Amino acid sequence: MDETARGLANLDLLATPAGRAVLDRLASSDPAADELRLATALRREHPAELVTAALAQHGLRRRAAGKFARADRMFFTRDGLEQASPEPVARHRAARLATASPNALADLCCGIGGDLFALAGAAARVLAVDRDELHLRMARRNAAAYGVADRVRTLRADVREVDLAGVDAVFVDPARRSAGRRMRTGDSEPPLDWCLTLAPAVEAVAIKAAPGLDREPVPAGWEVEFVADGRELKEAVLWSPALAGAPRRATVLGDGRTWQLLPEPGDAVDCRDPGGYLLDPNPAVTRAGLVEDLARRVGDAWKIDERIAFLASDRPIHTPFGRPLRVLDDGPWKERELAGRLRALDIGALDIRRRGLAGDVPALARRLRGNGSRAGVLVMTRVRDKPWALICEAAG
């Protein structure tokens, strides 16, 4: 039995009354309890293959709880869960697609259906397409978990062979994993070049991509949006000209809110020595190439190096697009002096931010580990193209 057939058999087992009962029992168990003892007890009451499948699915559901509010009712594979966007990101993307007012929307390479709950709120009908039968069956069940199954039709097919007549908008999430391994950044199946060809047939197109996407291959007229959930960069999205609002955009999600930074034309931002504070831009801002635009947005900020994505200021700047750091000490990078400088500032716990300098951060953190009472941030970077160290602390 191949992996897909085994997965389908396990999914059928878990859908039986006995399978649901085992999953419910696992879900209601104390997370701190001895799982081996519970598994042994379950195997005395149920077939071993059912218990094994339920344990694996329960583990995936626990991992998925950070992404999906209804993870305890959904079905996953490891690859499907890893590629799925967190719920806030999926909702944000679907809200942008909804501006095209689509009646019918296609979710190409739908995987486990992690976006269907959101896409079904953007269109009256959603066609979910994938060539993986296991993922497609999970997509149907996951749509039901969110109460949108009646608006979703699934189709097993190669997305390149699907007739999109009558479809008003397309979301495509090409696979970036193959045989359990992540592809090289920029590679996907189907490839980005093919995904871009969807726009002539359907004007409203959104293409999910890895956050490490190179912006250079993106055609003129398209928008590249980098989306972060808090300070964690989650993905890039390419928006076709019909949906694009700017060439680049940084979006930060958090606490149920959305903040967006677009290019802000203006005078060049000064480059000079650090001040009393640093502003560490959100990764979405950095990847979107909007650091200078952020400086113009907040005012009273400047660069410390022409090529480094840190901003300096004389006051703490509070913005969703970056975190402020108070500079306690700074000077040329001399590793042999750092331990003493940290001790003098009573710094123990240390977060190291490296930008523009080569170095083994985990090894450096071990060497500099101290017993001080204060938490600090060591910024290893460049100032006017010279290796530099700034010892900082959070500024609120």
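Is glutamate 133 buried or exposed?

Modeller: Glutamate 133 counts as buried because its relative accessibility is 16%, where buried means under 20% relative accessible area, exposed over 50% and partly exposed in between, for a 1.4 Å probe and protein chains only. This is a predicted model, in which local features need pLDDT of at least 70 and side-chain atom pairs count only at pLDDT 80 or more, while totals for chains, interfaces and linings use all residues. Residues are numbered from 1 along each chain as its sequence is written, and side-chain values use heavy atoms, with hydrogens and water left out.

Glutamate 133 belongs to helix H8, residues 133–145; helices are DSSP runs of H or I with at least four residues, strands are runs of E with at least two, and both are numbered from the N terminus. Leaving aside neighbours within four places in sequence, glutamate 133 is in contact with Leu8, Arg140 and Arg156, contact meaning heavy atoms within 4.5 Å.

Helix H8 leads on to H4, as the elements that cover the buried residues of H4 include H8 together with H1 (3–14), H2, H3 (35–45) and H5 (78–83). Those buried residues are Leu50, Val51, Ala53, Ala54, Leu55, Gln57, His58, Leu60, Arg61 and Ala64. The 17 residues of H4 should span 24 Å at 1.5 Å a residue, which agrees with the 24 Å between its end C-alpha atoms; the expected span is 1.5 Å times one less than the number of residues.

On the H3 side, alanine 39 is found in that helix and is buried, with a relative accessible area of 4%. Alanine 39 and glycine 7 are 32 residues apart in sequence, and their C-alpha atoms are 20 Å apart in space.

Turning to H2, the axes of H2 (residues 17–28) and H4 (residues 48–64) come within 10 Å and cross at roughly 45°; axes are lines fitted to C-alpha atoms, for helices over the stretch in contact, and angles run from 0 to 180 degrees between N-to-C directions. H2 and H4 are therefore oblique to each other, given that angles under 35 degrees count as roughly parallel, over 145 as roughly antiparallel, 65 to 115 as roughly perpendicular and the rest as oblique. H2 passes H4 in a right-handed crossing, meaning that the near helix is turned clockwise from the far one by less than a right angle, with anticlockwise giving a left-handed crossing.

From H2, the residues Ala18, Gly19, Val22, Leu23, Leu26 and Ala27 meet Leu50, Ala54, Leu55, Gln57, His58 and Arg61 of H4. By class, this contact of H2 with H4 has eight nonpolar, three polar and one charged residues, where Ala, Val, Leu, Ile, Met, Phe, Trp, Tyr, Cys and Pro count as nonpolar, Asp, Glu, Lys and Arg as charged, and the others, Gly among them, as polar.
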